[in-house]
Amino acid sequence: MLSYQHIYHAGNLADVHKHALLAWMLSYLTRKDKPLSYIETHAGRGLYDLSGAEATRTGEAAQGIEKVAGWFDPDHPLSRALQTVRARHGPRCYPGSPLIAHALLRPCDSLHLAELHPREYAALLASLPPRAARCAQQDGFALAHALTPPTPRRGLMLIDPSYEIKSDYMDIPRHIARLTRAWNVGIICLWYPILTTELHAKMLTQLQKTHPDAMRHEVRFHPARAGHTMVGSGLFVIRPPFGIAEEAAQLTEKFKTLNRSGSSKP
C-alpha cells in the first residue's frame with residue numbers, strides 16, 4: 001500500500017494553483033442549466049485540518065492558502081467553496097478537491113470518487129454528507145475507464161495521483177489517450193508536480209504531441225523547506241473551457257508576486 005498522505009501538504013501552493021483553476025472550471029460548467037458528471041481518480045480524504053500536527057509540522061499550508069487567501073475575492077469560486085466547507089467544519093479546515101466539487105456542484109450533478117488507501121477512503125466517506133457522491137475504494141484509473149463515457153456526458157475528470165509510482169509518468173499518457181477516445185466531450189484535467197528532477201518532462205512531451213489543443217499551465221515557487229524538491233505545479237487540461245486561459249493568466253501574475261522570501265503581495 002502506498003504511503004503518501006496529503007494531510008502533510010494540504011493547502012500548499014500547489015493546492016492553491018490546482019484548486020483555484022478546478023473551482024473556476026466547475027463554476028463555469030454549472031452556469032449552463034444542464035447536469036454534469038465529475039470524476040476524480042485519486043480523491044484522498046477530502047477534508048484536512050490545517051491546525052493538526054501533520055500540517056503544522058511541514059508548514060506548507062502556512063506558506064500556501066493561509067498566506068495567499070487574499071488573492072481571491074469573496075465571490076471567486078475557490079473562496080465560495082472554502083466558505084461553504086469552513087461553515088460546516090470549522091475555520092482551520094481545508095477542502096480537498098472532492099469537497100470543493102461538492103460545494104460548487106448542484107443536486108442534479110453526479111460525483112464519482114475513487115480512493116484506494118483504506119484509511120484515506122474511510123476519511124473521505126466521513127468528510128461527505130451521506131449519498132453526496134458515489135465513492136469507490138479502488139484504483140482510480142480502473143474506475144475512470146469503467147465510467148467513461150459517464151451519464152450525464154457533460155463534465156470534468158480530475159486525475160491527481162501522488163506519483164509515488166514512478167511508472168505513472170509513463171502510464172498516464174496512455175490512460176488519457178484511452179479516456180479521451182471513450183469520452184469525446186469531457187474535460188480531462190491532469191495535475192502534476194514540477195520537481196527539480198524534471199520527471200514530468202517526458203510525460204508532458206507525449207501529452208502535448210497527442211493533444212496539441214490542450215492547455216498547459218504551470219506556476220513556479222520556491223521549495224516549501226530545505227531539501228524539498230517540488231518547485232512548481234502544473235495542470236494539463238484537455239478540451240479547456242472558454243475563458244480558462246484568462247483565469248490562468250491572472251493566477252500566473254499572482255504567483256509572480258511571491259518573492260524570494262516566500263511572502264506575497266495582495
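1. The model is a predicted one, in which local features need pLDDT of at least 70 and side-chain atom pairs count only at pLDDT 80 or more, whereas totals for chains, interfaces and linings use all residues. Residues are numbered from 1 along each chain as its sequence is written, and side-chain values use heavy atoms, with hydrogens and water left out.

2. Burial is expressed as relative accessible area, with under 20% called buried, over 50% exposed and anything in between partly exposed (1.4 Å probe, protein chains only). On these terms helix 6, residues 97–104, is largely enclosed by the rest of the structure, because 6 of its 8 residues are buried; these are Ser 97, Pro 98, Leu 99, Ile 100, Ala 101 and Leu 104.

3. Strands are taken to pair if DSSP finds at least two bridges between them; strand 8 and strand 9 (residues 230–238) run antiparallel and are joined by 6 bridges, with Met 215 standing opposite Val 237 of strand 9.

4. The structure holds 8 salt bridges, each being a side-chain nitrogen of Lys or Arg within 4 Å of a carboxyl oxygen of Asp or Glu. One of them joins the side chains of Asp 15 and Lys 18, at 3.4 Å from N to O. Both residues lie in helix 1 (residues 13–29), 3 residues apart, which is about one turn of the helix, and both Asp 15 and Lys 18 are buried.

5. A salt bridge of 2.9 Å, N to O, brings together the side chains of Glu 120 and Arg 45. This pair links distant parts of the chain, 75 residues apart, with Glu 120 in helix 7 (residues 118–127) and Arg 45 in the loop between strand 1 (37–40) and strand 2 (47–49). Glu 120 is buried, with a relative accessible area of 4%, and Arg 45 also counts as buried, at 16% relative accessibility.

6. The side chains of Glu 66 and Arg 92 meet in a salt bridge of 2.7 Å, N to O. Here too the pair links distant parts of the chain, with Glu 66 in helix 4 (residues 65–68) and Arg 92, 26 residues apart from it, in the loop between helix 5 (77–89) and strand 3 (93–95). Glu 66 is partly exposed at a relative accessible area of 38%, and Arg 92 is partly exposed at 36%.

7. Asp 49 lies in strand 2 and counts as partly exposed, at 37% relative accessibility. Leaving aside residues up to four places away in sequence, Asp 49 touches Ala 55 and Arg 92, where contact means heavy atoms within 4.5 Å. The side chains of Asp 49 and Ser 51 are joined by a polar contact of 2.6 Å.

8. Asn 12, in the segment before helix 1, counts as buried at 6% relative accessibility. A polar atom of the Asn 12 side chain lies 3.2 Å from the backbone nitrogen of Ala 14; a polar contact is a pair of N or O atoms within 3.5 Å, where within protein one must be able to donate a hydrogen and the other to accept it, and residues adjacent in sequence count only if both atoms are side-chain atoms.

Definitions and conventions. Helix = DSSP H or I, 4+ residues; strand = E, 2+ residues; numbered from the N terminus.
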